[in-house]
Amino acid sequence: MKFGRKISNDLYNEWRPFYIDYNLLKRELKARTTGRSWTNQDERDFTRMLERELDKIHNFQKTKTYELSRRINDAEKAVKRLVASSQYANGHHQADSSGSGNGTHTDTEAQQRREGLAQDAGSDDDDDDIEDDDTDALSVDALEDQFILLEEEVATLVADVHDLALYTKLNITGFMKILKKHDKQTSRPLKPTFIQDYLEKRPFYKYNWDGLIVKLSRLYDLVRTRGHPSQGDASAGGNQSAFVRQTTKYWVHPDNLVHLKLAILKHLPVLVFNPDKEFEPKDAAISSVYFDNEDLELYLGRLEKTEGAEAIRLRWYGDMDQKTIFVERKTHREDWTGEKSVKARFPIKEHLVNAFLRGEYTMDAEFQELVTRGKKTQQEVDTMIQLANEVQYSILTKKLFPVMRTFYNRTAFQLPGDARVRISLDTELTMIREDNWDGQSRSGDNWRRMDIGIDWPFDQLPPEDKELFKYGVLEVKLQTQFGQEPPQWVTELVSSHLVEAVPKFSKFIHGCATLLPERVDLVPFWLPQMEVDILKPDTGALVIERPLQSSSKGTSSRTGTSGQTTPERMQYAEPVSEGEEDEVMDLAPAKDEGKRTGLSGQQIAAAVAIREKNLKERETEDAQSTHEQAVADDDAADADERSPLLAKGCRRGSGNIIAAALSGTTQVRAMSIDPLATSTAFDETLRDRLREENAQRGAPGSGGGDGEGDDGDDEGEEEEEAEERRAGPAAGVGSDRILERNWRAPPGKRIAVPVRIEPKVYFAAERTFFKWLHFGIYLGTIATALLNFVPAGDTPGLVSAWAFTAVALLAIAYAAGVFVLRALRLRARRAEGLYYDRFGPTALSVALVGALATNIVLRLREM
């Protein structure tokens with residue numbers, strides 16, 4: 001979709017005058033470049049136009065963010081007033097019922113309650129008992145009404161934050177596109193100058209939304225819980241022994257970050273460790289320094305998931321002046337061990353870290369003081385001392401040094417004290433080199449480099465020292481009872497278009513693979529996918545909606561925050577009056593249809609025939625749908641998974657859905673994938689569809705305007721879209737992506753495929769070896785019997801005995817060689833070629849048949 005049309009479709013109508021006037025700028029650019037050359041005066045005029053647009057956008061965003069912050073604060077105060085009123089009403093009513101509440105009440109909270117709820121009837125009656133009873137009876141409904149109004153206000157605030165983030169994205173994209181178009185048509189490089197001299201001074205596109213989201217989350221939680229949010233230790237995990245733990249990781253496109261946060265906070269509040277403190281950007285910063293040796297032993301262990309593989313890191317929260325550092329160790333455990341992978345840590349003062357890493361300082365005395373102060377039990381301290389000693393021993397014996405630092409801003413969602421659902425979203429993820437292996441001193445003798453802090457994106461560092469990860473990382477941790485399904489909203493979240501699943505993603509592994517390419521030969525499986533755009537088409541799930549009365553369009557349908565109607569899952573039904581449900585609709589043409597349409601009688605008759613034909617086809621499809629649904633399960637069970645997607649879809653009655661998907665219908669596109677079809681059939685279907693879309697896009701006259709005010713100047717924009725399609729597979733598709741099955745690692749690298757090797761695999765290899773030994777022993781026994789009992793002059797018998805002996809020795813030697821090869825590959829965790837012996841059994845069978853045939857032929861010749 002061309003950007004002029006996109007911005008017209010995605011903008012919020014009430015803010016329309018404050019968006020960038022992209023079409024005006026494009027028309028101005030065309031008018032000044034058509035038929036004449038671009039002059040210096042044209043350059044100055046066009047720059048002034050861009051500056052006016054920039055001022056308009058910057059001022060609107062600044063005003064709007066201040067307004068949103070004020071509205072959030074006002075709503076939070078209103079909630080607290082309502083909570084105080086309800087608490088006063090309940091407490092006062094209980095005091096009156098117990099007979100200890102007589103007298104005149106002059107409490108200010110009671111006065112606010114009466115004013116806010118408009119319960120004053122204009123009477124000065126001093127009968128407090130009757131007045132309080134009536135007020136309390138009415139206050140329950142009145143308070144609930146007030147909370148319902150606040151819920152609508154919070155929903156409007158959520159939609160405003162979402163639309164303002166989208167407003168920022170659309171406008172900065174508009175500036176980049178119009179500057180690119182200017183540079184291409186005028187051959188004057190305005191883009192670098194405008195970015196440095198204008199955009200950097202009004203950086204509306206760099207606004208940090210976390211402050212507003214934290215405030216909005218607190219408000220949403222207050223309203224949802226009616227002023228009684230969940231209380232508990234924010235760092236507590238609860239009793240986790242009776243739960244099934246499941247952790248999954250996802251990538252999130254930058255365009256979906258705000259939308260995803262707003263969708264999550266509807267169900268979980270942002271986890272804040274100090275609710276009384278005003279949020280600051282440094283509160284979300286997390287930095288970790290990972291350790292490894294020059295052989296990258298820890299990297300390979302974590303990548304290959306070997307039993308007992310460790311990851312050792314030093315972590316701190318906030319900026320560089322933190323005095324407490326956490327030493328953490330993550331240990332991987334295979335499932336067959338019956339243990340779970342664990343993460344353990346202990347605190348240490350920052351000035352003691354270097355001495356601890358060199359083995360000059362131990363934590364024993366410091367931890368024992370915790371027992372003396374009564375903060376820890378002796379058992380807990382013993383565990384911490386053991387952990388500290390083991391970590392220190394690993395660092396000294398394995399010669400571990402700082403290798404890489406990770407930095408990111410984390411937004412955590414969790415109910416305090418409740419670890420059943422924990423969600424974290426890491427943004428601005430950056431990997432930074434900390435090693436000194438290439439002769440360049442980065443951290444020196446210190447445990448971390450001091451030339452950077454939390455000043456993302458770390459412009460002071462050279463490009464080879466940092467890796468800016470372009471996606472956000474979402475981590476979902478669930479703890480459910482055995483047999484219990486996860487919450488429905490979590491299932492919808494992880495299956496929506498906002499996330500891309502990347503199992504077992506690791507920041508440490510990704511950082512080593514990208515920052516140390518000369519030392520890494522084995523790379524993770526997700527590395528080749530970094531060049532593929534993960535942005536997916538909007539499926540209509542997790543829509544941020546406004547209350548109906550707050551919608552910018554006067555319709556009664558659900559309206560999204562961009563002013564577009566949310567796609568419905570159900571089929572449209574014409575509204576009817578009472579008693580019309582069972583009536584047959586009269587489709588006869590109107591008497592004056594000829595006058596209204598301007599068609600001849602023959603054309604009208606043809607149109608009526610087409611309408612009647614379509615109606616009959618619709619009735620036939622409706623009649624068949626019930627029958628097809630009843631036999632769908634049987635057909636699915638009999639389906640051949642190698643059959644093409646379209647053929648199976650038609651056989652199972654889903655041909656209409658697939659046809660609609662192939663024709664570009666977005667409402668059913670999420671249902672157009674047959675889960676029983678093979679990935680090959682799915683890829684072929686997508687390729688066919690993409691070819692048709694590309695052909696239609698390239699056909700003359702198939703394109704439209706850029707939206708309102710478009711003048712038809714689409715040549716440059718079409719070329720830009722063609723470049724974007726060439727740049728990434730997903731960018732050119734627009735609604736679907738090609739699934740690449742044949743990944744290719746970078747030159748000189750291998751992709752690490754997760755291989756699960758349990759002890760029973762070694763035992764299986766040994767059992768196979770013993771089976772081959774049995775075969776060789778049987779043949780050897782036959783050969784020995786022939787040699788011992790055949791007369792010395794029996795030449796055929798001796799030849800047969802030696803033939804069987806050769807086959808037996810060959811079988812034993814071959815079995816031993818295969819066993820050694822398999823054992824070595826199992827130790828190296830390389831599974832290719834281990835389970836299918838293509839030539840050995842055939843060759844030995846041929847040799848055995850040859851030995852038997854030799855014996856038979858020689859005996860026949862004697863007869």
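I'll start with helix α25, which spans residues 840–862 and holds I856; helices here are DSSP runs of H or I with at least four residues, strands are E runs of at least two, and both are numbered from the N terminus. This is a predicted model, where local features need pLDDT of at least 70, side-chain atom pairs count only at pLDDT 80 or more, and totals for chains, interfaces and linings use all residues. Residues are numbered from 1 along each chain as its sequence is written, and side-chain values use heavy atoms, with hydrogens and water left out.

Is I856 buried or exposed? I856 is exposed, at a relative accessible area of 51%. The cut-offs are under 20% for buried, over 50% for exposed, and partly exposed in between, with a 1.4 Å probe and protein chains only. Together with L860 and M863, I856 makes a nonpolar surface patch of about 390 Å² accessible area. Areas are Shrake-Rupley values with a 1.4 Å probe, and for residues only the protein chains shown count as cover. Patch residues have over 30% relative accessible area and no salt bridge, and nonpolar side chains (Val, Leu, Ile, Met, Phe, Trp, Tyr) are joined within 5 Å. A salt bridge is a Lys or Arg side-chain nitrogen within 4 Å of an Asp or Glu carboxyl oxygen.

The largest nonpolar core has 77 residues, and L50, L260, L262, I423 and L474 have the most contacts inside it. A core is a set of buried Ala, Val, Leu, Ile, Met, Phe, Trp, Tyr and Cys residues joined through side-chain atoms within 4.5 Å. Helix α5, residues 128–186, supplies the largest share of this core, 17 residues. A second, separate core has 32 residues, including Y290 and Y408.

Back to L50: beyond four places in sequence, its contacts (heavy atoms within 4.5 Å) are L25, F175, I178, L179, L190 and F194.

Helix α5 also contains Q146, which is partly exposed at 29% relative accessibility.

Last, the strands. In β2, residues 285–292, eight of eight residues are buried. One side carries A285, S287, V289 and F291, the other I286, S288, Y290 and D292. Strand β2 runs antiparallel to β6, residues 401–413, through eight bridges; pairing requires at least two DSSP bridges. Y290 is partnered with M404 in β6. Five bridges join β2 to β3, residues 310–317, also antiparallel, and there S287 is partnered with W316.

Notes
Patch = residues over 30% accessible without salt bridge, like charges linked within 9 Å, V, L, I, M, F, W, Y side chains within 5 Å.
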